[in-house]
Amino acid sequence: MSSRNHFMFAFYLLILFANAASIDYEIALKKSLLYYEAQRSGKLPYDQRVQWRGDSALKDGKHEGIDLTGGYYDAGDNVKFGFPMAFTITMLAWSVTEFRHYLNSQNELKNVLNTIKWGTDYFIKAHKEPYVLYGEIGEGNSDHQCWQRPEDMTTPRTAYKIDERQPGADLAGETAAALAAAAIAFKGLNSHYSNQLLTHAKKLFDFAIKFPGVYQTSMPVAGKFYGSSGYEDELLWAAVWLLKATKNQKYRNYINAKATSSGGTGGTRPTLSWDDKYVGAQLLIAKMLLKKKFAGNGSISLNEYKKNAEAFICNCIQKGNNNIKKTNGGLLWWQPWNNLQYVTTATFVIASYADTLSATKNYLQCTSGNVKPWELITFVKSQVDYILGKNPKKMSYMVGFGTNYPQKVHHRGASIVSIKKDKTPVRCQEGFTLWFNKNAPNPNVIDGAIVGGPDINDYYNDTRGNFQQGEAATANTAPLVGVLARLAAIS
């Protein structure tokens, strides 16, 4: 970015923030990373900051003769679902590759990398053989029959996997994407670890290509909770990340081939999520096109990716052909169940593209007119501000941020007294009687968790049983980490 161009973009942003009510994005950023410490499974490290949690699931994988401890619980339960966990790690790693400077300026780069490594260390354990990947520990149905903190779990910890006979290209592809993105994040800081991650990413991509299919066919227990709508998006997503990490023509050829095949680019998608990665892949390719990373005539066929990514952004900012709904309070709206997961990914996509447009002296062309980079950041800010309390209910949907936030989050560990305060085991059904049905705030504040959020009418019902609105998930907060760093640096 030229110095003049950078100055003008920064100038617009300074005016924007100077005229807005103050929201402390720096605090929100710090809390967003604390959330992942509350979701940790396994033996907690010496520098664990969330002190109400304890060690848990220390025998994961023992029955299978493999160490599968570590990783993250996905949401308010005690299951380790590999599919959304991998997406979470990909988004956290993308935050580092995209907003490294801002994360570093807020002294949070180390914490983000630690958060990523907690997940990637687990994926390395789960991928002991080229064509074997463990994708779930525990089982949702039995887990949901109990209300226990993770330290007290008595539910089965069965390990489920994909292999040559029972494949899952979506699971293998997403995990490959996570490891490739993480390899870039660690490059220059820990070259040995970066190379190790890249080795696993390459093998998993090859596994996914050689043995196609959706993973819930092989792991039905996972499909009941995180069913995949297809695997082609994960393969494309992984190929793009591997291209960025290796510059290998193999992955460029895959991307080019998909660009010229029917439906290969994915078309214009409604969301970026743990299930649908097309927007992410399209955006990464669009950014590389703007930066002229694709040479020669080969770039022409790739313009469809860019067209689709830009159409998604235009629809989000209400200037497209199929605009996303908004609540009266101004929040993007997709569905009643965990709507904020789509809002946070949309803000990441738009913020990322705004910076690339500015750096390359471009603007976004939408059906309703041209949009400047600073206007995109303005929109991102409006959505983040809504999440953090600038909404009709004046409620922060990030737990622990501000003074008015959800008190009865649907989360086992947060809703039961800390094992550090009371070591008496909480039995399976006992947890419902003593804690789930208790009409009182959770005894532990799960800082940084982004809950499902309000309904189409900007209303939020803060009850523990309201899992559609009141359950947080690791995939919700991950995209917001980089965005918060971006906003904190210019506020």
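Over the face of which residue does K117 lie? The last legend returns to this contact.

These legends describe a predicted model, in which local features need pLDDT of at least 70, side-chain atom pairs count only at pLDDT 80 or more, and totals for chains, interfaces and linings use all residues. Residues are numbered from 1 along each chain as its sequence is written, and side-chain values use heavy atoms, with hydrogens and water left out.

**View 1. Three strands form an open sheet.** The order is β1-β2-β3, with antiparallel pairing. β1 (80–81) and β3 (159–162) stand at the edges with a single partner strand each, so one side of each has no neighbour in the sheet. Strands are DSSP runs of E with at least two residues; helices are runs of H or I with at least four; both are numbered from the N terminus. Two strands pair if DSSP finds at least two bridges between them. Strand β2 covers residues 133–137 and pairs with β3 over four bridges, in the antiparallel sense. E136 stands opposite Y160 in β3.

**View 2. Helix α6 lies across β2 and β3.** The helix spans residues 169–186 and runs at about 100 degrees to β2. Axes are lines fitted to C-alpha atoms, for helices over the stretch in contact (heavy atoms within 4.5 Å). Angles run from 0 to 180 degrees between N-to-C directions.

**View 3. A disulfide joins C146 to C428.** The S to S distance is 1.9 Å; a disulfide is a pair of cysteine sulfur atoms within 2.5 Å. C146 lies in the loop between α5 (140–144) and β3, and C428 in the loop between α16 (412–415) and α17 (430–436), so the pair ties together parts that are 282 residues apart in sequence. The torsion about the S-S bond is about -85 degrees, so this disulfide is left-handed. C146 counts as buried, at 6% relative accessibility. Buried means under 20% relative accessible area, exposed over 50%, and partly exposed in between (1.4 Å probe, protein chains only).

**View 4. C314 and C366 form a disulfide.** Their sulfur atoms are 2.0 Å apart. C314 lies in helix α13 (residues 303–316) and C366 in strand β6 (residues 364–366), so the link ties together parts that are 52 residues apart in sequence. The link is left-handed, with -85 degrees about the S-S bond. Both C314 and C366 are buried. The structure holds two disulfides, and they follow the pattern 1-4, 2-3, with bonded cysteines counted along the chain. C316 is in no disulfide; the nearest cysteine sulfur, that of C314, is 9.4 Å away. C316 is buried, with a relative accessible area of 0%.

**View 5. F432 and F436 form an aromatic pair.** The whole structure holds 27 such pairs. Rings of Phe, Tyr and Trp (its six-membered ring) pair if their centres lie within 6.5 Å; planes under 30 degrees apart count as stacked, over 60 as edge-to-face and the rest as tilted. F432 and F436 are edge-to-face, at 5.5 Å centre to centre and 70 degrees between the planes. They are four residues apart in helix α17, separated by about one helical turn. Both F432 and F436 are buried. Elsewhere, F81, F83, Y215, F225, Y226 and W274 form one aromatic cluster.

**View 6. K117 lies over the face of Y193.** The distance to the ring centre is 4.7 Å. A charge sits over a ring if NZ of Lys or CZ of Arg is within 6 Å of the ring centre and within 35 degrees of the ring normal. The charged end of R40 sits over the ring of W118, 4.6 Å from its centre.
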